[in-house]
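Welcome! Let us take a friendly first look at this structure together.

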Amino acid sequence: MSKYVVLYGDKKPEDNICIKNMFENTKQIKLGWTELDYNDNMKIIEEVVEKGINQIIISGFEIGWDKLVKSIKQKYPNIKIKVICNTQDSLLYYEYERENFFKLLELSKENIIYDIAFLRKGQYETYKSLGYKCSYLTENYILKEKVEVENNKNNKLQLGIYPLNYTWDKNIFNQLCIAKFLNDCNLNYNCLDVRMQEFLDTMEISNIPIKIEKIDDKNIMKELIKNDVIVTASFTEYFHPIFLMSMELGIPCLIGNNSDFFENNDELKEYVVTSAEDNAIVNSKMIEEILKNKEKILELYKNWKKEYNQKAQANIENFIEK
């Protein structure tokens, strides 16, 4: 396999959970806010080039990285530069996302960026049809060490909701409502804003707030294992670390209809994918069905994941070798 390095920033740490799990050789760089950041990043580039890498893969495309990419190409013209796109067209609503995405496309047109990997098949097919050099990369997370799940020693259903960003697309308040329609339910959740607690108090929903200070797989799984079932039904998403980690732990998880996971597995999709992300009543009934069929769902997931892991690895290798 070609010798590569995947560079990532700290702006979207939830993405890095999957990226560092998917790729063996990764290294963090700074966002390009200042000239000092740029200089520090170029030193990192020089260090990895000296180790003999022949391609640089950048996870995401953040502020100042357009300048960095141009400098890399000018100084090391034989090194391939690839980018894993970590935004979707729906998120171009945000000025920051839109500006960086358009810079990414422009650098692709100029042949400075050799290839763009998209995480959704529809997005990949769209930009491929527009003439951009791109690949389809399948996100993944594989649990590499056994983690013991806590046994629920009381009679209350433990429902976990752990958004990692406080933005409209995370659909936070619609998800919090689900606990209202489940009998004898306690909600465990990542409290990102005081409004979440105010809302739950107003709704009179039993809850235990926590705050995940450092977003990494270890800290998140420490909270996930406290639950009987997890919900991560955002409106739009490109990486799905909560869903993948939950299912890997053997904790069933309800996900929004925002992934390519189950294109060929309608049975599993029927249980764990909601197309009514903003309907708490519908989703509470889905949670009840998940709990009734937990063992079946986990077995379906186990069988699906074997084939999915092979597909994901093949896509990673194809992307690297392209």
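Gln 55 stands opposite Lys 80 in β4. Behind this pair are five bridges that join strand β3 (residues 55–59) to strand β4 (residues 80–84), and the two run parallel. Strands here are DSSP E runs of at least two residues and helices are H or I runs of at least four, numbered from the N terminus.

A word on the model: it is predicted, so local features need pLDDT of at least 70 and side-chain atom pairs count only at pLDDT 80 or more, while totals for chains, interfaces and linings use all residues. Residues are numbered from 1 along each chain as its sequence is written, and side-chain values use heavy atoms, leaving out hydrogens and water.

The open sheet has six strands in the order β2-β1-β3-β4-β5-β6, with parallel pairing; strands pair if DSSP finds at least two bridges between them. At the edges, β2 (26–28) and β6 (134–136) each pair on one side only.

Now to the cysteines. The count of disulfides (cysteine sulfur pairs within 2.5 Å) is zero.

Is Cys 85 buried or exposed? Cys 85 is buried, with a relative accessible area of 4%, and Cys 177 counts as buried at 15% relative accessibility. Buried means under 20% relative accessible area, exposed over 50%, and partly exposed in between, using a 1.4 Å probe and protein chains only.
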